[in-house]
Each structure stands twice: as C-alpha cells, then as structure tokens.
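Visitor: Can you walk me through some of the local geometry here? I'll jump around a bit.
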There are 2 protein chains.
Amino acid sequence: MSYKILLDERELPEAWYNLQADLPRLPKPPLHPVTGEVVKPEDLAPIFPPALIEQEMTRERWIPIPEEVREVYRLWRPTPLFRARRLEKYLDTPAHIYYKHEGISPAGSHKLNTAVPQAYFNRQAGIRRLATETGAGQWGSALAMACRFFGLECTVYMVKVSYEQKPYRRILMQLFGAEVLPSPSPRTRSGKEVLEKDPSSPGSLGIAISEAVEDAATHEDTNYALGSVLNHVLLHQTVIGLESKRQMEKIGEKPDVVIGCVGGGSNFSGLAFPWVADCLTKGEKIRFLAVEPAACPTLTRGVRAYDYGDVAGLTPLLYMYTLGRGFIPPAIHAGGLRYHGDAPLLCQLVADGVVEARAYGQRQVFDAAALFAQTEGILPAPESAHAVKAAIDEALAAREAGEKKVILFNLSGHGHFDLAAYAAYLEGQLEDYTLPEEKLKESLSSLPQVERA
Amino acid sequence: MSYKILLDERELPEAWYNLQADLPRLPKPPLHPVTGEVVKPEDLAPIFPPALIEQEMTRERWIPIPEEVREVYRLWRPTPLFRARRLEKYLDTPAHIYYKHEGISPAGSHKLNTAVPQAYFNRQAGIRRLATETGAGQWGSALAMACRFFGLECTVYMVKVSYEQKPYRRILMQLFGAEVLPSPSPRTRSGKEVLEKDPSSPGSLGIAISEAVEDAATHEDTNYALGSVLNHVLLHQTVIGLESKRQMEKIGEKPDVVIGCVGGGSNFSGLAFPWVADCLTKGEKIRFLAVEPAACPTLTRGVRAYDYGDVAGLTPLLYMYTLGRGFIPPAIHAGGLRYHGDAPLLCQLVADGVVEARAYGQRQVFDAAALFAQTEGILPAPESAHAVKAAIDEALAAREAGEKKVILFNLSGHGHFDLAAYAAYLEGQLEDYTLPEEKLKESLSSLPQVERA
C-alpha cells in the first residue's frame with residue numbers, strides 16, 4: 001500500500017512535449033497590436049530571446065531540455081505522484097485519486113518549471129535583466145529565484161494592493177535579490193499615466209504587465225518574462241504531465257479523467273497535454289476537466305475572440321476565450337485565477353470539445369481544500385483547491401455510479417502564503433460571487449475591433 | 001550527478017532506535033516535583049498513556065513502529081537526503097554537504113514524527129483529547145494534524161503574544177480542528193493566577209506548559225503531549241537518523257561531522273543518535289555538533305542540574321543543562337530554540353564529550369539562511385538556519401585545511417511562516433544578543449534546592 005510513486009532523477013524528462021505538433025487545428029495566430037498583421041518572430045525580439053521565440057512558434061514535437069535547466073530541475077524534480085488514499089477512504093469511493101504535487105518546488109508552485117528555462121535562455125542570449133509583473137507573488141517569486149540561479153537581475157512590478165497587503169511573497173522575492181516595485185510605479189510611462197490620473201490607484205495585473213513590457217522594450221539589456229498563457233510557457237510545464245505518465249505506467253494505471261485549475265492555463269496544460277497527445281495520436285479516451293472560479297469564468301462564459309493580454313494594449317492580440325481586457329475581477333482569494341483571458345492552445349482544445357470547462361464558487365472550493373488538508377495533510381493553494389474540488393466531485397460521482405474510476409489532478413501549489421484567505425473562510429467571511437450578465441456584457445464591449453468586425 | 005538520495009516507502013524504518021540501550025552512563029533519573037523521589041511509571045499515568053511511559057523508561061534497543069503510525073509516516077516519509085551541490089560550489093569547498101529535509105512534512109517540520117505516534121498511542125489507550133502548549137506554533141500545528149488523523153480532539157495553549165502576532169500558525173491549527181487558546185487563559189488555575197496578577201500578561205512557554213499539564217491532569221479523558229526533551233520524543237525522531245544511514249550507505253559515504261540545531265534537543269537527537277550508536281558500539285569516529293543561539297546558550301553556558309520543565313513547577317525535575325526555569329529569553333526570532341533546558345539524554349552526551357556544543361548570534365545565522373536559500377532554493381526555518389550556519393563554517397574550514405570532509409546536517413523545517421523575521425533581517429533590524437553574565441547568574445538562582453544542596 002504505497003502513497004507516493006517516485007521517480008529517480010535519472011528519469012527526469014529529457015525533452016518538453018509540444019502539442020502544436022499533433023493538434024489537427026491550430027488556433028489563429030497572434031496579431032501585432034499596432035498593425036494588426038500576423039506577428040513575426042522579429043516582432044517579439046525586443047522582449048524575448050531567440051530560443052523562446054522559436055519555442056513559441058515551432059511545430060517540432062520534442063524540444064530538448066538543456067542540461068543546465070535539468071540540473072536546476074533536479075533540486076525538486078521529478079515531483080512525487082501521490083495516491084490520495086486517506087481522501088478516498090473518507091469519501092468511501094471506489095475511485096482511485098492521484099495527484100501530482102507541484103507544491104514541493106522551492107517556489108511552492110509549478111511556476112518554477114518555466115521560470116528556470118526562461119531565465120536560462122535569456123542568459124544564453126546575453127540578457128542582463130528580466131522584468132515581469134506579479135499579482136499575489138507566486139510567479140514573481142519563481143522568477144526571482146530562477147534569475148538568482150542564473151545570475152540575472154530581476155525587476156518585479158507587483159500589483160500595489162498585493163504589495164501592501166501581502167508582504168510575505170514580496171519579502172521572499174527580495175530575499176532572492178529581486179527589485180520589487182509597487183505598480184503603478186513612476187518607473188514607466190504607463191505607470192506614470194495611471195498615477196497622474198489617480199495617485200492612489202491600487203493597481204491591477206493588466207497595468208503591471210504594461211509596465212513590465214515597457215521596461216523590457218525600452219532597455220536593450222532587459223527582456224520580459226510571462227508566467228502563463230504563451231505557447232512556450234505551456235511547453236515548459238509539460239514536464240509535469242510527462243512525469244505523471246511514467247509514474248502511472250509504473251503502477252499500471254491509466255487516468256479516466258485529468259483535472260487542473262485554470263487561470264492562464266499553464267498548470268492545467270502542463271499536466272494534460274502529454275495525455276491529450278495519447279488521445280490525438282493513439283485514440284486513447286480520457287476526459288479533461290479545466291476548472292475555474294465562477295467569479296472569473298473565462299472558459300465557461302467568455303467569448304472566443306482576439307484580445308490584448310494587458311490593459312494598455314501593448315501586447316500582441318491573442319485568439320482566446322476572454323472576458324474582455326477591461327474585466328476587473330472581484331477580490332476573490334484565488335489570485336492566480338483572475339486573468340481575463342486564457343492560453344490560445346488550451347482554448348483550441350475547449351473549442352474542439354477535447355477539454356470540458358467547469359466553474360465553482362469559492363466557498364465550496366475552500367470546503368474541498370479544508371477536507372483535503374484534513375485527510376492528506378497538505379494545505380493547497382486556493383487556486384489548486386479548484387482542482388481538488390473537481391476531483392472530489394468526480395470521486396463522489398464514481399461512488400454513485402458504483403464504478404472504479406481513475407482520477408488524476410494537479411496540485412499546482414501549496415497554500416502556506418494564503419492563510420489569511422483560510423482565516424476568512426474559517427470566520428465565514430468568504431462570499432460566493434457569480435459574474436452578473438450585464439457586467440460581462442459591459443466588459444466584453446472593450447474587445448478590440450479587429451475581431452468584432 | 002544527483003541532488004537527492006531517495007528511499008522507497010518500503011525502506012521506511014520498522015523500529016525506532018533507543019539510545020538508552022547503548023549509553024554507558026545514563027543521566028540521573030527524573031524526580032517527582034513534590035516528593036523529590038525518583039519518578040515511577042504510575043506517577044506519569046495521569047498525563048501519559050502506558051505505551052509512552054514504557055518508551056520513556058525502557059532500555060530495549062529497538063521499539064517497533066506500529067503499522068498505523070508507519071502508514072501516516074508514508075504521507076511524507078522517507079524524507080529525501082539532499083546533496084547541497086550548489087552551496088558547495090558557491091563555497092568552493094572540497095567538502096560534501098548533505099542535509100535531511102524534514103521541512104517537507106505536512107506540518108513543515110520534524111515535529112510530526114513524534115506527534116503522530118503520540119496521538120496514536122493515546123488513542124490506543126482510549127484517550128479522547130490531548131492538551132499541549134505551543135510557542136510560535138510549530139509543535140501545536142503538528143499535534144493538531146496528528147490528532148485529526150487519529151480522531152482525537154486537541155487543545156493548544158498558545159503563548160498569547162504569538163497568538164496575537166503570529167496568526168498564520170494558529171489558523172493552520174484551527175483548520176485542523178484544534179481549539180487554540182491564548183495563554184495565560186482563564187481555563188486553568190495556573191492561567192487564572194497569572195491573569196489575576198497581570199491581566200495583560202503576554203504569556204510564556206513555561207506558563208503554557210503549566211496550563212496544558214494541569215488541563216491533562218484534571219481531566220480523566222485527556223492527556224498531555226510534549227514536543228521535545230523527553231526520551232520517548234527523541235526516540236520517535238530517530239527515524240530521521242535511521243533513514244539518513246540507509247541513504248548514506250546507498251551512495252557509499254560516511255559523515256565526518258553530524259550537525260543539528262538544539263532547542264529542546266529532539267531534531268538534533270533524531271538525526272544524531274543512530275550515528276552515535278555506531279560510535280558507541282562499533283568504534284566509528286564521528287564529530288557531533290549541537291548548535292544553539294547565543295541568546296539562549298543552554299548547552300554552552302548553562303549548568304547541569306535538576307530543574308523543572310515549566311514555570312509553575314508542575315513537571316518532574318529533569319537532570320539537564322539549564323539556564324534556570326525563571327530564564328526569560330529575549331525575543332529572538334528562532335522561537336523554537338528559546339527553551340531554558342535540554343533533553344537529559346542529549347545533555348549526557350555533551351557531558352561525556354561525545355557531542356560538542358556551539359552558539360551563534362542571530363545575524364550570522366540569517367546570513368547563512370539567506371545564502372542557503374539563494375543557492376539551494378529552500379528557505380530554512382530560523383531554528384534550522386543555526387545548523388546551516390555550522391555546516392557552512394565546517395565546509396569553509398575544510399577548504400582552509402584542503403581536506404575532503406563529509407558534513408551531514410538536519411534541515412528540521414521550512415521558513416514559510418517566518419517571513420516577518422526575514423523582513424526584519426533584510427531591513428537590518430535584527431540585533432545580536434549575548435546573555436550577560438549577571439543575568440545568567442540571576443536566572444540560575446531559581447534552581448530548585450534539591451540539586452543545589
């Protein structure tokens with residue numbers, strides 16, 4: 001009766017898997033924010049290094065993981081695959097529940113899987129500094145850590161309200177030598193414009209992205225790094241799914257359903273894409289379940305259209321499910337799931353019916369998180385708790401139907417920095433919020449003309 | 001080039017190692033706090049279950065670990081042994097540095113190794129509830145978790161100043177269903193007495209111990225649980241050292257020096273005792289290094305004498321190095337290392353010259369912690385950082401001497417709940433404090449007459 005399926009460091013994947021090689025229909029390509037033309041590699045050169053631009057666009061199936069990156073991965077990878085035996089017993093279900101524990105990474109989440117290669121390839125290209133944005137700080141701390149490992153400087157534009165209210169992640173970034181600025185900041189033109197209109201602006205992820213992109217575009221030695229959405233980010237995260245395949249193989253199991261939470265889509269895609277490949281190329285039948293908050297229901301209620309990734313409209317237009325870049329999500333606690341759009345590759349799978357999407361209110365998500373902690377001992381990040389909730393529901397459905405079902409989900413991060421949210425939950429202060437129809441319509445009216453024409 | 005030496009769940013130790021079997025001289029036995037007579041098993045029955053009393057006193061070498069306990073251990077054990085390759089490279093040392101990572105436990109530290117069997121044996125004895133004290137919350141959260149796993153209720157008396165200033169650990173305990181009371185509390189006679197004298201008392205660990213012991217002694221269905229110092233606690237922690245022996249064997253290495261931080265002595269002893277056994281019974285030569293804060297220098301500057309474990313004098317008198325139970329340590333951030341005494345078994349090894357003790361100021365300890373985080377990616381608990389500092393110093397000494405040396409230390413916990421201390425460090429607000437000689441003398445004047453006579 002084992003609880004953990006471990007892999008040896010020698011079993012660490014040697015290449016990332018690129019879904020673009022096997023996808024029958026690719027999503028429409030990104031468009032230049034000014035010209036509206038299809039983005040060319042040289043358009044991205046001011047903010048990304050050549051290797052990452054190549055990874056963004058290639059249809060090669062396997063992209064080798066450089067040995068320098070694998071060496072850093074070995075600090076915590078391969079991550080264990082857990083069988084949730086105590087949770088199964090509590091639920092009295094015939095289902096087998098497995099989860100990949102990405103929370104054991106030094107940064108506490110899957111984000112480090114892409115932060116490390118992004119820092120590495122930028123270093124390779126002679127870049128001296130990376131600029132990025134962060135909300136609650138999950139991504140910022142992963143990039144700060146990766147930059148430190150490869151001797152790069154790191155500037156993080158942190159949404160001001162989080163900078164002030166959530167100091168712990170900020171301290172962690174500073175401990176790794178990153179410069180952390182509250183956004184909007186006077187450091188950039190975008191930031192100054194916001195501050196002139198409203199000196200006490202609390203900031204937003206959209207504003208912080210604009211600041212980081214501007215910083216990178218206006219400094220020769222500086223590039224930009226994004227923690228989700230883009231193809232190369234999803235590509236790096238496939239180490240999760242590739243490891244899970246070897247682990248399931250070892251114990252002779254195959255998942256009937258694969259589950260992940262979705263903000264921008266990177267942790268879900270990282271686990272799911274290598275399994276999607278089996279469905280596309282070998283005719284395997286697996287259900288895929290993408291879980292998002294009812295408060296930010298991009299996949300379940302957004303429209304598929306071209307939209308900007310940021311508020312200022314500096315980024316390329318991406319073809320994706322979106323709530324409109326003007327969408328201001330309510331202050332739910334799963335900070336990492338508050339993005340208005342989603343990864344174009346994931347959106348293609350949703351549009352094609354390969355991936356189902358489901359939305360949950362936050363109270364039921366925290367109920368699931370508490371149950372998971374009490375049985376498995378691990379406190380999940382509120383984001384990851386969306387996947388936990390879906391896994392529990394699938395296990396209960398299996399009990400109802402009296403069928404053995406194999407469930408695999410991604411525990412993308414731990415919740416050690418989210419205890420204020422758990423306190424609100426324990427005190428009954430968490431409110432469920434469902435996006436009203438009129439608010440959604442209003443937000444969608446900000447979609448750029450290029451697509452609505 | 002591997003970073004982690006893993007064990008399979010099948011390699012989890014089947015028995016704990018009892019140092020009392022091999023120690024040539026045992027420490028003087030505990031004395032009854034009222035009669036001054038040697039403590040008999042029945043004296044402990046009001047607060048401990050029979051199995052733990054037996055483990056406290058036996059000289060059997062191996063104590064089998066019940067399968068129910070091993071099953072819970074499997075949630076996170078065996079823990080990985082890491083080779084700190086990136087730190088070695090940074091230090092440019094010929095030394096090999098290994099560390100056992102106990103911070104991956106669900107509770108974030110080694111404390112769960114004893115919380116689980118303590119909950120189990122109490123459950124076995126028909127006990128319904130456990131009472132305990134906690135300072136910063138490391139031990140309290142481990143016991144809350146273990147109680148939840150075995151269906152016991154848990155009451156935690158938490159030092160009031162920590163209850164108010166460090167809410168995160170408290171929330172964690174509550175999430176696991178524990179009742180957490182700020183101590184001094186009106187729930188006990190000991191608490192009431194303190195509150196009558198000073199209604200705004202910030203509390204202390206000594207007061208909280210008095211409250212928990214009183215709660216257990218005055219309720220038939222309730223026992224007491226202690227997180228360090230006692231023989232049975234050290235016994236449970238030997239899983240750490242036993243695993244480390246198998247891991248070192250696998251790679252054909254033997255430690256020249258074994259290092260751990262010391263508060264009450266449980267994590268140090270857990271790692272060291274199985275290696276001490278090799279020295280006592282097989283003539284192996286290993287140095288053992290116990291590291292404590294200069295602000296609470298029990299082993300380096302205390303006297304060896306009989307003293308109480310708590311402030312009120314309710315506990316048995318233990319023969320140990322002590323600063324006097326009236327010792328009030330300054331508010332250094334390594335909360336877990338602020339105890340006035342130390343485990344009698346460990347004290348015997350220090351007195352016999354088997355274990356060396358060393359004290360560090362907190363600034364140099366945090367410097368070491370920051371360097372460790374930046375190279376290895378793991379943020380250590382401030383307590384564990386004392387061991388990190390000593391390991392670094394040993395590695396630098398090896399570089400000076402040009403000798404290959406194998407260093408093994410215990411990373412007893414992560415620092416995710418200690419970021420306020422790291423913030424103080426980054427802001428230059430941490431002060432070094434060395435206990436003045438007069439203060440030490442004054443504190444030692446509180447030693448009970450039994451020993452001083």
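Guide: Start with a helix contact in chain B. From H15(B), the residues B:Arg363, B:Phe366, B:Asp367, B:Ala369 and B:Ala370 meet B:Ala421, B:Tyr422 and B:Tyr425 of H17(B). By type, the residues of this contact are six nonpolar, no polar and two charged. Bear in mind that this is a predicted model.

Visitor: At what angle do the axes of H15 and H17 of chain B cross?
Guide: At roughly 105 degrees, and the axes come within 11 Å. H15 covers residues 362–376 and H17 covers residues 419–426. Because the range from 65 to 115 degrees counts as roughly perpendicular, that label applies to H15(B) and H17(B).

Visitor: Are B:Cys279 and B:Cys347 buried or exposed?
Guide: B:Cys279 counts as buried at 19% relative accessibility, the cut-off being under 20%. B:Cys347 is buried at 0%.

Visitor: What does B:Glu284 touch?
Guide: Leaving aside residues up to four places away in sequence, B:Glu284 touches B:Lys254, B:Asp278 and B:Cys279. B:Glu284 sits in the loop between helix H12 (266–282) and strand E11 (287–293) of chain B. With a relative accessible area of 25%, B:Glu284 is partly exposed.

Visitor: Over to chain A. Which residues of helix H2 are buried?
Guide: In H2 of chain A, residues 50–57, they are A:Leu52, A:Ile53, A:Gln55 and A:Glu56. Viewed down the axis of H2(A), these buried residues fall within an arc of 160 degrees, so they line one face of the helix.

Visitor: Why would residues a few places apart point the same way?
Guide: An α-helix has 3.6 residues a turn, so residues three or four places apart do that.

Visitor: What does the buried side of H2(A) pack against, and what is on the face turned away?
Guide: The buried residues of H2(A) pack against strand E2 (15–17), helix H1 (41–44), strand E3 (62–64), helix H5 (112–124) and helix H11 (231–250) of chain A. The face turned away carries the exposed residues A:Pro50 and A:Glu54.

Visitor: Where are there cis peptide bonds?
Guide: One runs from A:Arg77 to A:Pro78, with omega near -10 degrees. A:Pro78 is in the loop between helix H3 (67–73) and strand E4 (81–83) of chain A. Another joins B:Ser183 and B:Pro184, with omega about 10 degrees. B:Pro184 is in the loop between strand E8 (179–183) and helix H9 (189–197) of chain B.

Visitor: Which residues have a positive phi without being glycine?
Guide: Among them are A:Val229, at about 70 degrees, and B:Val229, near 70 degrees. A:Val229 is in the loop between strand E9 (222–224) and H11 of chain A, and B:Val229 is in the loop between strand E9 (222–224) and helix H11 (231–250) of chain B.

Visitor: Buried or exposed, those two?
Guide: A:Val229 is buried, with a relative accessible area of 4%. B:Val229 is buried as well, at 5%.

Terms used
Residues numbered from 1 in each chain as written. Chains lettered and ligands numbered in written order. Predicted model: local features only at pLDDT ≥ 70, side-chain atom pairs only at ≥ 80, totals over all residues. Heavy atoms only, no water. Buried < 20%, exposed > 50% of the residue type's maximum accessible area, 1.4 Å probe, protein only. Axes fitted to C-alpha atoms, helices over the stretch in contact; angles between N-to-C directions. Helix = DSSP H or I, 4+ residues; strand = E, 2+ residues; numbered from the N terminus. Parallel < 35°, antiparallel > 145°, perpendicular 65-115°, else oblique. Contact = heavy atoms within 4.5 Å. Nonpolar A, V, L, I, M, F, W, Y, C, P; charged D, E, K, R; others polar. Arc of directions from axis to C-beta.
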